Each structure stands twice: as C-alpha cells, then as structure tokens.
Amino acid sequence: MIGAMQQQLDFIAYIQRMLVEGDFSATYKFALLHAIADVCVEQPLLSEQSELVIELSTLADKLITLYWHHAMPFSSKHTGESALLKQNAGSQSKVISVLFECQQNNIRNFRQLKLSPFYKPTFYAAMATLKTGPLWRLQILAKQEECFLYPHTNSTQFITLNAGIASCFRRFYDLVVYLAKNAWLQKIQSIKHNQALIGPQSQLQEFLFGVDRTALTKAKPVLVELQSNICFYCQKPMKNDVEVDHFIPFARYANDLGHNFVAAHRTCNNNKRDFLAAQQHRERWQNQNLAVNSHIISNELSAYFHCDADKSLAVSNWAYQVAESSSAKLWLGKNSFEEAKPKAEVFKFSKVANKSEQTNLAAEPKANFKTIINALKLRYFPNIKIACGHFKTGDSSDVEYLDAPLGAGKLDPNVHFLARASGNSMNGGKHPILDGDLLLLELITSDRAGSLRGQIVAIERDDISGDGQYLLRKVNKLPNGQYELIAQNPDYEVMIADESMRTFARFKQVVAE
Ligand SMILES: [Zn+2]
C-alpha cells in the first residue's frame with residue numbers, strides 16, 4: 001500500500017523533472033506525454049498495478065491529432081501576418097510539414113486524412129518521428145537514462161508502461177496534461193522565429209489547444225434532431241439559442257469524441273462551464289448517446305470526429321471516478337450542484353428480513369478511527385467468509401483493522417470493509433476472484449443509491465441458526481422481475497434470488513497483498 005503511494009509521489013516528481021531536464025529541442029516530448037496520458041484514460045484498467053501495452057501506431061495517430069491544429073498558419077492579430085509556428089529552433093518539424101501539406105490538399109480533419117492517400121506517408125512520418133525522437137529519449141534526464149514510465153526496449157511495435165504507471169496517469173491526468181501543454185506553449189513562445197508573430201498568450205493557447213468551433217457546428221443539427229429540439233439539461237424547448245456542449249468538459253479531456261456531444265441552451269451550457277454533470281444527466285447521456293443513438297451518432301458524425309462509444313464510456317467512467325475520489329461538485333442545473341459519490345442501489349428481493357447485521361456493521365463506533373492519524377484503516381472481518389461457491393456462515397463479532405488499499409477511490413471506514421473470498425465459483429471471466437483473495441467491499445445502504453445490474457454483489461442469507469451467510473455473485477435482473485445470481489465460473493449454476501436473500505455489499509476489488 002505504502003508502495004503505491006510512494007510511486008504516485010515519485011511519478012509527480014518524475015514528470016516535473018522530465019519537463020525540465022529532458023534532453024530535447026523540439027516539442028515532441030510534450031506531445032508524447034499528452035498522448036500517453038490520453039491513452040491511459042481511454043480504456044478501462046484491469047487493476048491499480050496493471051502494466052499497460054500501448055501500440056506505437058496508436059501513439060503515431062495521437063501525435064497526428066495533437067499536431068493537427070499546430071500545422072495551420074497562425075494568423076497574428078499582433079502583426080496581421082499569417083505563418084506556421086515553428087516547433088523547434090532549427091528547421092520546421094517533419095510532422096508539421098507533412099500535416100501542412102495535407103491541409104493544403106483540402107483535408108480538413110483526421111477522419112478525412114485517414115481515408116485519403118495522404119494518410120500513409122503522414123503516418124510513417126509520425127512513426128519515424130516517434131522512434132527517432134521522443135520515444136526512446138523522453139526518459140533521458142540530465143543525460144542519464146531513467147526508465148520510470150516504460151523500459152527502453154527499442155521495440156518497433158509497442159511500449160509497455162511499468163506496473164502502476166497507467167494508474168498514476170489516470171489519477172493525475174489533468175495535472176500531466178496541464179504541465180505538458182504549458183511547457184509546450186512556453187517552448188513555442190521561446191523560439192525566436194515565433195516571437196514576432198505571437199501576440200497575447202491567450203490567443204496562442206486557443207489556437208494550439210482550443211475547441212474546433214467549426215466542427216462543432218456539424219454536430220449541432222444531428223443532436224437537435226436526436227433530442228427533438230429539447231435542451232439536454234433543462235429539458236425545455238430550444239429556439240435560436242442552441243450550443244453544442246461537451247458532456248465530459250473539454251477542459252477535463254481535450255479530445256473531441258463524437259458521442260460526447262449534447263445540444264443545450266446557451267445559458268445552460270454557460271452555467272455548466274467546466275463542471276461534470278450530475279448523475280441524472282450522466283444516466284440520460286449514456287442512454288441517449290451510448291445506448292439508443294450510438295449508431296446514428298457514429299454514422300452522422302464520424303466524418304468529422306472520432307466516434308467510439310466504448311472509448312466515450314471509458315473516459316466518462318474515468319472522469320466520474322476521479323470526481324468521486326475527490327468529492328467534487330457535479331452540476332445539476334442553473335447554479336445548483338450535488339456532490340459526486342459512488343452509485344449503489346439497495347434492491348430488495350421482495351420481503352427483506354430485518355437482519356441486524358447491516359446495522360451492526362454501520363453502527364461500529366467511529367471512535368475506533370480517532371486514534372489512527374496517518375493511514376486510513378478499514379475493518380477486516382476474519383470470520384466473514386464471502387463465499388464464492390455456496391453460502392458460508394460467518395459473523396462480524398471479530399474485527400481487525402487493516403490499511404485501506406490505495407487508489408480505490410474515496411473510502412469511508414463506515415461503509416468500506418475487508419473480508420476474504422472462499423471457494424472458486426468466481427474464478428473465471430476477465431477478473432477472476434480466487435479462493436482466499438482479500439476483498440474490498442462496500443456496504444449497501446439506502447443513501448448509496450444506483451443500479452446494481454451487472455455488478456458483483458455480496459448477498460446475505462440467514463441460515464437456520466440465524467447467523468449470516470454470504471455469497472458473492474453477479475446480479476442480473478430478468479424480464480419477469482426476478483434476479484438471477486451468476487457465477488463467473490461456468491461450473492456453477494445460476495441461482496434465482498429468493499426471499500431469504502438480500503444485497504449486503506457491493507464488491508469493489510481484490511486487494512493486492
Ligand atoms: Zn436548457
């Protein structure tokens with residue numbers, strides 16, 4: 001646990017050093033850092049300590065996207081002149097030159113480029129730039145090779161982020177991207193050739209990293225039609241005051257994904273600013289853009305934007321996870337907010353026995369935690385075995401305290417606790433749970449509301465003697481209203497929940513020991 005926290009501190013220190021000490025004359029290292037950070041939030045991560053393989057082709061495409069706007073002539077309000085900004089002190093960067101050529105041939109965005117004969121040479125130029133440039137030199141600090149992020153394998157196919165690094169990028173995405181952009185901006189300003197051209201900094205920042213307003217106009221009619229001319233947020237009719245809003249704010253994740261747009265009143269959009277929207281909006285967005293209209297959006301907008309519903313979902317899950325871990329404010333409506341907190345819903349398998357177990361757990365005196373100054377401790381119940389097989393009897397009378405796992409989001413000692421898995425019914429699927437694994441669980445209470453469908457949940461049942469029995473299963477609601485309890489290991493049969501069972505805790509993760 002301490003190891004993970006130390007790694008996060010080392011990560012921040014390393015990024016800072018890299019920006020200062022990195023042996024580099026062009027701006028490619030900033031682009032590469034930005035690109036790696038983007039890739040880390042664009043897909044779900046298996047666990048906190050996962051390594052992450054990133055294809056070089058993915059990074060090359062990212063490089064092209066990041067430099068796209070930089071390859072347009074910068075029109076200086078300062079001098080009235082219009083010219084390409086330089087990205088290094090010597091001759092113009094190769095990537096900028098090839099992208100400029102594409103734009104001279106009327107290619108307006110990455111999607112058009114990808115379908116054109118110009119893509120191949122552009123892609124090869126970006127690949128060559130990566131390999132000879134920042135990829136194996138990013139981590140040379142003050143002339144010393146320090147491979148903190150990924151080993152220098154000189155592979156021509158991929159890099160592998162070291163264990164825990166992808167999780168650091170997810171945790172500190174905003175900071176990394178902010179630092180990379182600022183260093184990038186300063187670098188461009190420091191190049192003598194550019195100085196005459198550049199006026200006020202805000203103009204340059206908007207040019208290099210701003211929203212593509214022209215492209216947004218393409219999304220507007222599509223969204224207005226999908227939403228039947230109703231504002232996404234306040235649900236009232238729109239007139240001539242429609243704007244396209246980035247559902248996950250552009251300030252949080254500066255890439256245009258086709259499924260991330262909604263149409264809203266200008267006033268609603270302006271009031272939302274850079275806040276994440278409240279849970280109710282998030283559910284409506286998932287339903288509108290990722291479920292019901294996913295294909296329409298891909299068909300209509302992929303000519304202008306990258307459209308990938310899975311990626312949009314992964315980015316939104318990441319953004320809300322970060323918000324939850326910092327109890328951020330979510331925008332509900334005009335000047336009204338709610339606090340970000342994890343979702344859970346208490347659902348009842350009809351008649352619920354009034355069992356005292358949950359009350360006992362929740363009412364554990366808080367005084368126990370007052371003596372703990374530095375590390376958050378969670379209760380560990382050695383006698384509760386969460387059965388991954390058949391129901392196991394246990395009781396919560398015996399309590400120990402263990403360090404809370406790091407990086408598991410915001411943990412509350414009154415809600416989160418630890419217990420061991422027992423049995424092999426969940427040993428299957430993408431994330432197997434093994435016999436003896438230490439599990440982080442979240443007590444399900446009425447104020448931690450949300451859907452449990454598809455989630456792994458500990459289910460409690462009273463045995464004949466009145467002791468609690470606990471079973472871990474994936475929950476699925478059937479069309480007839482019943483719930484089925486599914487094991488990840490196909491050797492175990494699906495059970496139908498009955499009146500003697502109730503949801504007890506939501507499974508969060510296996511804790512690394
Ligand atoms: Zn509105």
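Which elements do the buried residues of α15 pack against? They pack against α2, α7 (165–171), β9 and α13 (279–292). The legends below take this helix and other sites in turn, all in a predicted model.

**Figure 1. Helix α15 and its buried residues.** Helix α15 covers residues 309–325. The buried residues of α15 are Ser 312, Val 315, Ser 316, Trp 318, Ala 319, Tyr 320 and Val 322. Their packing partners are α2, α7, β9 and α13. An α-helix has 3.6 residues a turn, so residues three or four places apart point the same way. At 1.5 Å a residue, its 17 residues should span 24 Å, and the end C-alpha atoms of α15 are 24 Å apart, so the two values agree. Just after α15, Ser 327 adopts a positive phi of about 50°.

**Figure 2. The open sheet β9-β10-β11.** This sheet has 3 strands, in the order β9-β10-β11, and its pairing is mixed. The edge strands are β9 (276–277) and β11 (336–339), each of which pairs on one side only. Strands of a sheet pair through backbone hydrogen bonds, either parallel or antiparallel. β9 pairs with β10 (residues 329–333) in the parallel sense, over 2 bridges. Leu 276 has Leu 330 of β10 as its bridge partner. β10 and β11 pair in the antiparallel sense, over 4 bridges. Here Trp 331 stands opposite Phe 337 of β11. The hairpin of β10 and β11 has 2 residues between the strands, and Asn 335 takes a positive phi near 55° in this hairpin.

**Figure 3. Helices α2 and α3 in contact.** Helix α2 (residues 28–41) packs against helix α3 (residues 56–68) at an angle of about 115°. Their axes are 9 Å apart. The crossing of α2 past α3 is right-handed. From α2, the contact draws on Ala 31, Leu 32, His 34, Ala 35, Asp 38 and Val 39. From α3, it draws on Thr 58, Leu 59, Lys 62, Leu 63, Leu 66 and Tyr 67. By class, the residues of this contact are 8 nonpolar, 2 polar and 2 charged.

Figure 4. Helix α4 spans residues 94–104, and its buried residues are Val 95, Ile 96, Val 98, Leu 99 and Cys 102. Among the elements covering them are α3, α5 (110–115) and α6 (119–132). Asn 106 lies in the loop between α4 and α5. Is Asn 106 buried or exposed? Asn 106 is exposed, because 8 other C-beta atoms lie within 10 Å, and a residue counts as exposed at 12 or fewer. The phi of Asn 106 is near 65°, a positive value in a residue other than glycine. Most residues other than glycine have a negative phi.

**Figure 5. Ser 228, a positive phi in a loop.** Ser 228 lies between α11 (213–226) and β7 (242–246), in the loop. Ser 228 is not a glycine, yet has a positive phi of about 50°. Ser 228 counts as exposed because it has 8 C-beta neighbours inside 10 Å.

**Figure 6. Strands β7 and β8.** β7 and β8 run antiparallel, joined by 5 bridges. Val 244 stands opposite Ala 263 of β8. Why is β8 (residues 261–265) described as largely enclosed by the rest of the structure? The reason is that 5 of its 5 residues are buried.

**Figure 7. Asn 182 in helix α8.** Asn 182 sits in helix α8 (residues 173–190). With 14 C-beta neighbours inside 10 Å, Asn 182 counts as partly exposed, because that class falls between the exposed limit of 12 or fewer and the buried limit of 20 or more. Gln 205 is 23 residues from Asn 182 along the chain, and their C-alpha atoms are separated by 8.9 Å.

**Figure 8. The chain as a whole.** For context, the chain has 16 helices and 21 strands. Of its 513 residues, 37% are buried. Among contacts with a separation of 6 or more, 72% join residues 24 or more positions apart.

Note on methods
Residues are numbered from 1 along each chain as its sequence is written. This is a predicted model: local features need pLDDT of at least 70, side-chain atom pairs count only at pLDDT 80 or more; totals for chains, interfaces and linings use all residues. Two strands pair if DSSP finds at least two bridges between them. Axes are lines fitted to C-alpha atoms, for helices over the stretch in contact, and angles run from 0 to 180 degrees between N-to-C directions. A crossing is left-handed if the near helix is turned anticlockwise from the far one by less than a right angle, and right-handed if clockwise. Two residues are in contact if their C-beta atoms, placed from the backbone, lie within 7 Å. Ala, Val, Leu, Ile, Met, Phe, Trp, Tyr, Cys and Pro count as nonpolar, Asp, Glu, Lys and Arg as charged, and the others, Gly among them, as polar. The expected span of a helix is 1.5 Å times one less than its number of residues.
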